[in-house]
Amino acid sequence: PSELGLWDYWTHFETVLRIFRFKNQTAGDAYLRSRPPVFYISGDHEDTSALQTPGYKSRAHSNNINEVSLNGDFMTHSAGVLSTVGQVFDRDLASLLPLQFAPLHIVGLDCLRLGTECLGDCPDAAYFGPNIREDTEEIDMVMLPTDDEFHVVTMVNHRALNAAVYGSIAILKSASSTAATLSKSHMSVRATSVGITSLEWPDAGSFVSWAFTRNPEHCAWLMEAKAVDGCSVLQDSQVARHGYFTYCERIYLNPITGTGPNHADVLPARLYHVKLEQASASSMAKSRLLFKRIRLPDPEPIATFDNDEPLRFLHIIKTGGESLEAYLAGQSAPRLDFSTCRSAAMTTR
């Protein structure tokens with residue numbers, strides 16, 4: 001039917017039955033295991049020529065935004081974020097190394113060839129995450145077990161650079177509550193309600209930073225200091241306190257090509273795991289700690305002038321008075337004599 005955009009002389013199409021509105025993923029899995037009825041649609045036509053081999057449009061394009069060229073600026077931004085976060089908590093975070101997000105290539109048709117679990121095909125998006133390595137099938141997940149640690153994610157604002165329609169960061173967890181890893185070819189993940197999109201920072205520049213923590217006070221302090229662009233509190237009901245989870249950066253639709261962004265052009269996010277108890281104190285914090293340890297001696301009464309009028313200063317802390325005295329002594333006026341004050345400061349009862 002032409003009103004559906006289908007033309008009998010050239011259009012190839014497939015039909016998909018989508019059943020949704022299950023209460024949760026478990027209910028959906030139970031329905032699939034119950035062997036629901038399968039519906040087949042068939043048609044007759046006179047064209048006996050072989051169909052073209054299905055493939056994907058190339059993501060590469062000469063007009064693509066090359067975010068990799070901004071790597072130096074991104075590193076500077078991330079270092080600045082860590083410095084400001086460190087100042088909030090009196091910690092030196094300069095040596096903290098990030099977990100670099102890496103691409104997770106999802107090609108839906110590969111599951112038929114490899115005999116693995118089929119994920120949704122994703123030619124319109126690019127996916128990245130931490131601990132994804134080419135030399136291993138497993139993806140190590142992360143944890144936030146205490147209130148004294150948090151994650152800081154720095155990312156490129158792909159939307160602002162016109163490299164994507166939008167970008168997002170989501171927290172995912174395994175279908176198994178005890179699993180510490182995920183499998184690339186047998187990916188079994190569950191979504192959580194924790195996530196952010198580039199639509200939440202319309203006025204941000206080329207780079208964005210976001211904190212994830214168990215402790216609401218962390219968010220209050222970081223946002224008050226404007227150390228990050230945003231902060232999310234991870235509830236125990238969303239991810240168990242000692243449960244594992246991972247982050248997924250999804251970058252959707254390159255407006256230049258109409259496909260997912262080219263992985264080689266993308267500068268992915270970085271994850272910093274801040275552990276306050278293990279991080280060394282900053283130099284400013286050390287100075288404050290040293291000042292707290294200073295204990296001045298007990299004051300002594302000093303008799304001055306006619307020896308019956310005591311000075312009741314607790315302490316006299318010299319702050320360059322000698323230099324001032326030397327300067328004034330060389331001036332024609334006024335002529336000041338500090339001998340009485342010096343005698344009073346040096347003489348005890």
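The link of cysteine 219 and cysteine 231 is left-handed, with -70° about the S-S bond. This structure is a predicted model.

**The disulfide**

How many disulfides does a search of the whole structure find? It finds one. The partners are cysteine 219 and cysteine 231, and their sulfur atoms are 2.0 Å apart. A disulfide is a covalent bond between the sulfur atoms of two cysteines. Where do the two partners sit? Cysteine 219 belongs to helix α4 (residues 216-224), while cysteine 231 belongs to strand β10 (residues 230-233), so the bond ties together parts that are 12 residues apart in sequence. Are cysteine 219 and cysteine 231 buried or exposed? Both are buried.

| Residue | Relative accessibility | Class |
|---|---|---|
| Isoleucine 169 | 2% | buried |
| Cysteine 248 | 15% | buried |
| Isoleucine 19 | 41% | partly exposed |

Why does cysteine 248 count as buried? Its relative accessibility is 15%, and buried means under 20%. Isoleucine 19, at 41%, counts as partly exposed, because that class runs between 20% and 50%.

**Around isoleucine 169**

Isoleucine 169 is in strand β6 (residues 166-174). At 2% relative accessibility, isoleucine 169 is buried. Which residues does isoleucine 169 touch, leaving out those up to four places away in sequence? They are Phe101, Val153, Met155, Gly195, Ile196, Phe212, Tyr247, Cys248, Glu249 and Ala269. One of these contacts, Cys248, is itself buried, at 15%. Serine 198 is 29 residues from isoleucine 169 along the chain. The C-alpha atoms of these two residues are separated by 8.9 Å.

**A patch on the surface**

Now to the surface. Leu17, Ile19 and Phe22 form a nonpolar patch there. Together they have about 280 Å² of accessible area. Isoleucine 19, one of the three, lies in the segment before α1 (25-33).

**Confidence in the model**

How confident is the predictor? The protein chain has a mean pLDDT of 82. Of its residues, 69% reach 70 or more. Which element has the highest mean pLDDT, and which the lowest? Strand β5 (residues 149-156) has the highest, at 98. Strand β14 (residues 309-311) has the lowest, at 55. Over residues 313-319, pLDDT stays under 50. For that stretch, the model has six contacts beyond four places in sequence.

Notes:
Residues are numbered from 1 along each chain as its sequence is written. This is a predicted model: local features need pLDDT of at least 70, side-chain atom pairs count only at pLDDT 80 or more; totals for chains, interfaces and linings use all residues. Side-chain values use heavy atoms; hydrogens and water are left out. A disulfide is a pair of cysteine sulfur atoms within 2.5 Å. Helices (H or I, at least four residues) and strands (E, at least two) are DSSP runs, numbered from the N terminus. Buried means under 20% relative accessible area, exposed over 50%, partly exposed in between (1.4 Å probe, protein chains only). Patches are made of residues with over 30% relative accessible area and no salt bridge: like charges are joined within 9 Å, nonpolar side chains (Val, Leu, Ile, Met, Phe, Trp, Tyr) within 5 Å. Accessible areas come from the Shrake-Rupley method with a 1.4 Å probe; for residues, only the protein chains shown count as cover. A salt bridge is a side-chain nitrogen of Lys or Arg within 4 Å of a carboxyl oxygen of Asp or Glu. pLDDT is the predictor's confidence in each residue, from 0 to 100. Contact means heavy atoms within 4.5 Å.
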